[in-house]
Amino acid sequence: MSATTTLPELERTAPVRHRPALSYELFPARSDVSFERLRETIRHLEATAPDYVSVTSRAGHGNFARVLEVTEHVLAETALRPLVHLTSIGSTRAQLTTIIHALLDRGVRGILALRGDQPEGHRLEDDEIPFARPLVELIREIERERTATLAGGRVSIGVAAYPHRHPESATTSHDTEVLVAKERAGADFAITQVFFDASAYCRLLERAQTAGIRLPLVPGFVPATNPRRLERLAEMSGVEAPRDLLHQLEIASDDVERRRIGVRFTVDLARRVLDAGAPGLHLFTFNSHGDALDVLDHLDLDRWSTTQGETR
């Protein structure tokens, strides 16, 4: 076939994507009623043609049945690709092996490998996987065993990255060393924890580049419209939202103004990191599509296609 030969039937069905990557994070539903609401949210998010949606799971996988419920809905009823969170803390190697096989059997080809939040006073069991790096290695080991059933394909493995120092790390240099180890173990990309200052993400990029890390570092965003949610995030992650933003949200006259303030802040933050070379956007939705879609409505993602080509 000539190099100039065109395949119009493929051009119609598989348009080239130019915009930065787009993804959303979902929580499993806690009840049948909330699952119906989640299905509606997924329907609205699917209309934006994201590259994938991630599905969270708790440490110890006590909600794994609900995780499978969302995952199977995404696979069977939508055109979306699920990225399923897999946490190692509180699970043995044998349990994780069973879960990985179950996910692959259902058609999952994306896994976000995480240690998970360590419960206070938790003591590691003999066969427990304590960190994300050996979890990545386990996924790759199972992938090699199943190469034929995967049609020679690969599982896409994501990991976490930290613009701010991880609460359990002594230094950001240690965080960088951990990210290097996860890449060497077989990770394909990383999604960052939340941040509210573009310079924090830029410093993460600089540290990664200095260390020779080639993983795409996808920035994670929370639509900053709910002050209570931002305060809870600060308690869990140690990353506090700017006081000025919190003050503006607190004194807003109503929910409409509060939403306008939060969306404007989030859009400005997203634009700054995209201009700095971020490969995409990952939006933590809290199973509500409204704020996430408002953020996207104010962003022209195709604007960054040329910039992305120049920085990668």
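1. Ground rules. Residues are numbered from 1 along each chain as its sequence is written, and side-chain values use heavy atoms, with hydrogens and water left out. As the model is predicted, local features need pLDDT of at least 70 and side-chain atom pairs count only at pLDDT 80 or more, while totals for chains, interfaces and linings use all residues.

2. Overall make-up. You're looking at twelve helices and eight strands (DSSP runs numbered from the N terminus: H or I of at least four residues for helices, E of at least two for strands). Of the 312 residues, 48% count as buried, meaning under 20% relative accessible area with a 1.4 Å probe, protein chains only.

3. Contacts along the chain. Take the contacts (heavy atoms within 4.5 Å) with a separation of 6 or more: 79% of them join residues 24 or more positions apart.

4. The H8 and H9 pair. Helix H8 (residues 227–237) meets helix H9 (residues 243–251) through Pro227, Arg228, Leu230 and Glu231 on the H8 side, with Leu245, Leu246, Leu249 and Glu250 on the H9 side. That set divides into five nonpolar, no polar and three charged residues (Ala, Val, Leu, Ile, Met, Phe, Trp, Tyr, Cys and Pro are nonpolar; Asp, Glu, Lys and Arg charged; the others, Gly among them, polar).

5. The cavity lining. Residues lining the largest cavity include Phe195, Gly220, Phe265 and Leu269; lining means an atom within 4 Å of a point on a 1 Å grid over the protein atoms alone, where a 1.4 Å probe fits but cannot get out. H10 gives the largest share, three residues, and the lining has eight nonpolar, two polar and no charged residues.

Key. 1 Å grid on protein atoms, 1.4 Å probe; cavity = no way out; pocket = protein on both sides within 12 Å on 5 of 7 lines; lining within 4 Å. Axes fitted to C-alpha atoms, helices over the stretch in contact; angles between N-to-C directions. Buried < 20%, exposed > 50% of the residue type's maximum accessible area, 1.4 Å probe, protein only.
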